[in-house]
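Q: I would like to learn how to read a model of this kind. Please take the features one at a time.

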Protein chains: 2
Amino acid sequence: MRILITGGGGFLGQQVARGLLAPDRGGRGTHASSDVSEMILLDQAFSTTRLQDKRIKYVTGDILDRQLINSTFDAPIDAVFHLASVVSAGAEADFDLGMRVNIDGMRAVMDACRANSAPPRVVFTSSVAAFGGSLPEVVTDSTATTPQSSYGTQKVIGELLVNDYTRKGYIDGRCLRLPTIVVRPGKPNRAASGFMSSIIREPLKGEIAMCPVSAETRMWIASPECAVNSLLHAFDLPAEQWGSNRTLNAPGISVSVAEALDALRRIAGDEKSDLVRFVTDPAIEKIVYGWPVRFATSRGDALGFKRDKSIDDIIRSHISASNAC
Amino acid sequence: MRILITGGGGFLGQQVARGLLAPDRGGRGTHASSDVSEMILLDQAFSTTRLQDKRIKYVTGDILDRQLINSTFDAPIDAVFHLASVVSAGAEADFDLGMRVNIDGMRAVMDACRANSAPPRVVFTSSVAAFGGSLPEVVTDSTATTPQSSYGTQKVIGELLVNDYTRKGYIDGRCLRLPTIVVRPGKPNRAASGFMSSIIREPLKGEIAMCPVSAETRMWIASPECAVNSLLHAFDLPAEQWGSNRTLNAPGISVSVAEALDALRRIAGDEKSDLVRFVTDPAIEKIVYGWPVRFATSRGDALGFKRDKSIDDIIRSHISASNAC
């Protein structure tokens, strides 16, 4: 199997690649063979600590470079994880960049898939930013999308394209609206949701963290492991189980800043949790307050997607993963 | 006021232009002056029977010609009716054409609006094709969009863009999901919904009409007058009444083919209604059966949008309009 991962240098891209290459993956999945012969990781840049495997080919370039995208399809591609994206605060700050990468780049990938000899299986990462504004207390699978950010708007447009390309038989697409990923390792990125990781990650390293929203602020989250497992599960599920609706709200848990800090205090002590400073940022608040905080994910649950047990579990597994590195 | 109407050569474009130029429009609308100083009607072609008025400037060209679009904004534009579109069966038959006109063309217009000296008021025609598949019996204002055609997909993408451009302050947008317009005058077009007009229009002229779907097939419809009035009302409403959600299901009535033929029989007699032949077309059926047939339009009703009284009224007003021509 030949797989393309756009945004392959990013955190999720690297984790998905690792998951797909894991030796215990044999027998999982619904492809005739789950053996990966080649995996192309496309991104604008790659870290020096990137995953090493003889099956991986790193390609540096821009998602808007149609020639580059098409060249990765020189030999047939069996599957695509389209993860490349300008994140929420980035797309809000630079409208044109968001439109170019999140829509034009998306279309470049979709059109290359369509020109492929057979419809590839495509996993697309969407977001809870698909919802916003006046929302029901609990968002369900049939809640209308009402994005309140350019990022959310562009993600919903991506979902619509994946659904229509699938209906037309050009791809076998699957869109997952991922919760905010907490605890994201590494440095902060431009995502408006980044603080929820920062207020756990930085204190654990003995560093001060800024929280730009109030302690009552609630978020719908999933651990990195949970999010990656959801993406792999979205990939593994047979097309007939997806049916005609190829967009799904992935399971997560609803956690407030205060609950996260209480858990941090329980697990790592006062010394760590006291390192968080509240400094309001109205621009971040405006984006974050527009997001939904509770979901009923009946369809995802029925299809076998899993959620984390608790914020305590998420923090403990982040500590284990950090120590393992 | 300087107004641009894309698709200005089409049936709706001509009717909207006529409505905006009507002498009794003085005092309506929420602009400081509802006087039209210039009206640019853009389309690929215009009929010889087009509306004549010294304020109208007819521009022949392609919506994909960014230079042409931008040139219409040489002087500031106060309002845009973006009606240009590849219709349902057309977008289904030629996927690339639909994407180009309904998305790229739409974006060319939106970007020209954004570059305008002040955010123009933009009215965009969307469609009930935004909905499809497994639908609730009655579609409401909060039903999730699930288009089952490329046309529907592209229209929902247009809505999302209008909402985001409005949120960003680039335009003052308003999207109306119009019911199927019945009775559309003139020749059949490529819309999959065209038969509902044909089975009334052609028999009234003494011509045979083909019905590609069964008599039980139900459709959500509005008369041309009702649709045009809804577009003008969408335009007239103050921005604050629209609020942050700039997409609305326009009122209509639910009518089956059988009910339409019964009304035709009542009004025009057996001789006319017997001119309809049922010849199933699976491609049309597939598109039409995916559309919703009943709506509760609470928000539209509250905002003062009106519906037709009955299919009998619609047929009678079509007869009067035809006789007047």
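A: Start with one pair of residues: Thr180(A) stands opposite Ile221(A), which lies in strand 9 of chain A. The model is predicted, with local features needing pLDDT of at least 70 and side-chain atom pairs counting only at pLDDT 80 or more, while totals for chains, interfaces and linings use all residues. Residues are numbered from 1 along each chain as its sequence is written, and chains are lettered from A and ligands numbered from 1 in the order in which they are written.

Q: In what sense do strand 7 and strand 9 of chain A pair?

A: Strands of a sheet pair through backbone hydrogen bonds, either parallel or antiparallel. Here strand 7 of chain A and strand 9 (residues 218–222) of chain A pair in the parallel sense, over two bridges. Strands are DSSP runs of E with at least two residues, helices are runs of H or I with at least four, and both are numbered from the N terminus. Two strands count as paired if DSSP finds at least two bridges between them.

Q: In what order do the three strands of the open sheet in chain A lie?

A: The order is 7-9-11 in chain A, and the pairing is mixed. Strand 7 (180–181) and strand 11 (253–256) of chain A are the edge strands, each pairing on one side only.

Q: At what angle do helix 1 and helix 7 of chain A pack?

A: Two packed helices are described by the angle between their axes and the distance between the axes. Helix 1 (residues 11–21) and helix 7 (residues 224–236) of chain A pack at about 60°, with axes 10 Å apart. Axes are lines fitted to C-alpha atoms, for helices over the stretch in contact, and angles run from 0 to 180 degrees between N-to-C directions. Helix 1 of chain A is therefore oblique to helix 7 of chain A; angles under 35 degrees count as roughly parallel, over 145 as roughly antiparallel, 65 to 115 as roughly perpendicular and the rest as oblique.

Q: Which residues of helix 1 and helix 7 of chain A make the contact?

A: Residues are in contact if their C-beta atoms, placed from the backbone, lie within 7 Å. Helix 1 of chain A contributes Leu12(A), Gln15(A), Val16(A) and Gly19(A), and helix 7 of chain A contributes Pro224(A), Ala227(A), Val228(A), Leu231(A) and Leu232(A).

Q: How many residues of chain A are in contact with chain B?

A: 18 residues of chain A are in contact with 18 residues of chain B. Helix 5 (residues 150–167) of chain A gives the largest share of chain A's side, seven residues.

Key: Contact = placed C-beta atoms within 7 Å.
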